[in-house]
Amino acid sequence: MHTVFRIGEIRKLDNKSPLYQVDLKLTSDDDQQLRQLTDRIRQETSGSTWWHRMGQLLLTIGQFDKAEELYTALLEQASNDSDKADIYHQLGWVKQDQGQHKAAASFYEKALEIDRKSLPEDHHSLANTYNNIGTVYNNMGDYSKALEFYEKDLEITKKALSPNHPDLASSYNNIGQVYNNMGDYSKALEFYEKAHKIKEKALPANHPDLAISYNNIGGVYKNMGDYSKALEFYEKAHKIEEKALPSNHPELAISYNNIGLVYNNMGDYSKALEFYEKSLKIREKALPANHPSLANSYNNIGGVYDDMGDYSKALSFLEKALSILQKSLPPNHPYIIMVTNSIDYVKKKM
């Protein structure tokens, strides 16, 4: 293990100087929290070569372009179908995180085609690929297809793993997300809470996956109009992410965006704008220029300016959002229709 410090007090040296004094405390080998974290990292990267572990790390910290470069090089050197399937799967993950859903689906389907030739129909590796294809359909707005693949994943996962395995939590979580997108909030909450109970037992208290779980439950409460509950869960998520992730990580942008959504729904537009702009700043640095999440930020900021009566600014941000969505999503996607309607509405007001 390399040297790991805990950050203690942070003090500015004086008002004129840009320098800070940071008190560091050396951790010991028997530090319980550090041991839990390192054990978890070992579990998540076990069974892989050094280069594959590097690729997983690059994906985890949001370095998608570097991860793609690495996996493309590994694909050229792959000596058998099993290695190729694994690399296609990872490239699908890269494209998914870059917002390129069609490309992601193509890589996942290549992996599935190889795996189905050599694996039994109930093999856990197939469940993982079904899950990822379901995610692509979910992102493209085809919720019935997404549910079909997620349920295939859940069926295999329940047979293959223990009731408290984190992968089972992921399956419940994804089905909850589809029900949330379909507007069936009671079903969404049911599956999100199943996922959260497993994560609480299986993961350290500061694990980023717990933050995702809090964000999802907060989102359902927001959609149900219970904004105080939504804010409670979003802030729990944000506290974990601030400690666990780099300051420019896309998940932190999601957290800021979610809090902004609640303030917007509560009619506190200045607070909403503050959090939306924090989210946008991260996304502009961390994501490709045509990523749908950037469109989401532009759309949300445009919506706040619309509510504040600043229609020229609203139109500017909404048109930026539409331009990105038209490049990254099918023309009949509900999100494109929604933003187009918002633009028409603002123009009528002007």
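# Helix packing in a predicted model

Helix α5 (residues 101-118) packs with helix α6 (residues 124-139) at an angle of about 160 degrees, their axes lying 10 Å apart. This is a predicted model, in which local features need pLDDT of at least 70 and side-chain atom pairs count only at pLDDT 80 or more, while totals for chains, interfaces and linings use all residues. Residues are numbered from 1 along each chain as its sequence is written, and side-chain values use heavy atoms, with hydrogens and water left out.

**Terms for the helices**

- Helices (H or I, at least four residues) and strands (E, at least two) are DSSP runs, numbered from the N terminus.
- Axes are lines fitted to C-alpha atoms, for helices over the stretch in contact, and angles run from 0 to 180 degrees between N-to-C directions.

**The pair α5 and α6**

- The angle makes α5 roughly antiparallel to α6; angles under 35 degrees count as roughly parallel, over 145 as roughly antiparallel, 65 to 115 as roughly perpendicular and the rest as oblique.
- The crossing of α5 and α6 is left-handed, a term used if the near helix is turned anticlockwise from the far one by less than a right angle, and right-handed if clockwise.
- On the α5 side, H101, A104, A105, Y108, E109, L112, D115 and R116 meet L126, T129, Y130, N132, I133, V136, Y137 and N139 of α6; contact means heavy atoms within 4.5 Å.
- The contact of α5 with α6 comprises nine nonpolar, four polar and three charged residues. Here Ala, Val, Leu, Ile, Met, Phe, Trp, Tyr, Cys and Pro count as nonpolar, Asp, Glu, Lys and Arg as charged, and the others, Gly among them, as polar.

**The pair α10 and α11**

- Helix α10 (residues 208-223) and helix α11 (residues 227-244) pack at about 160 degrees, with their axes 8 Å apart.
- The two helices α10 and α11 are therefore roughly antiparallel to each other.
- Their contact involves P208, L210, A211, Y214, N215, I217, G218, G219, Y221 and K222 of α10, together with Y227, K229, A230, F233, Y234, K236, A237, I240, E241 and A244 of α11.
- Sorted by class, the contact of α10 with α11 has 13 nonpolar, three polar and four charged residues.
- The crossing of α10 and α11 is left-handed.
- N215, found in α10, counts as buried because its relative accessibility is 6%; buried means under 20% relative accessible area, exposed over 50%, and partly exposed in between (1.4 Å probe, protein chains only).
- Not counting residues up to four places away in sequence, N215 touches Y234, A237, E241 and N258.

**The pair α14 and α16**

- Helix α14 (residues 292-308) and α16 pack at an angle of about 30 degrees, and their axes are 12 Å apart.
- This angle makes α14 roughly parallel to α16.
- α14 passes α16 in a left-handed crossing.
- A295, N296, N299 and D306 of α14 make the contact with Y335, M338, V339, Y345, V346 and K349 of α16.
- By class, that contact of α14 with α16 has six nonpolar, two polar and two charged residues.

- Helix α9 (residues 185-202) has 18 residues and reaches 26 Å from its first C-alpha to its last, close to the 26 Å expected at 1.5 Å a residue; the expected span is 1.5 Å times one less than the number of residues.
- In α9, the buried residues are A188, L189, F191, Y192, A195, H196, I198 and K199, and they pack against α8 (166-181) and α10.
- α11 also has 18 residues, and its reach of 26 Å from first C-alpha to last is close to the expected 26 Å.
- In α11, A230, L231, F233, Y234, A237, H238, I240 and E241 are buried, and the buried residues of α11 pack against α10 and α12 (250-265).
- An α-helix has 3.6 residues a turn, so residues three or four places apart point the same way.

**Individual residues**

- S186 has its place in α9 and counts as exposed, at 56% relative accessibility.
- S186 and I87 are 99 residues apart in sequence and, from C-alpha to C-alpha, 38 Å apart in space.
- Y263 is found in α12 and is buried, with a relative accessible area of 15%.
- Leaving aside neighbours within four places in sequence, Y263 is in contact with L231, E235, D268, K271, A272 and F275.
- H333 lies in the loop between α15 (311-328) and α16 (334-349), and at 8% relative accessibility H333 counts as buried.
- H333 touches N139, M140 and G141, not counting residues up to four places away in sequence.
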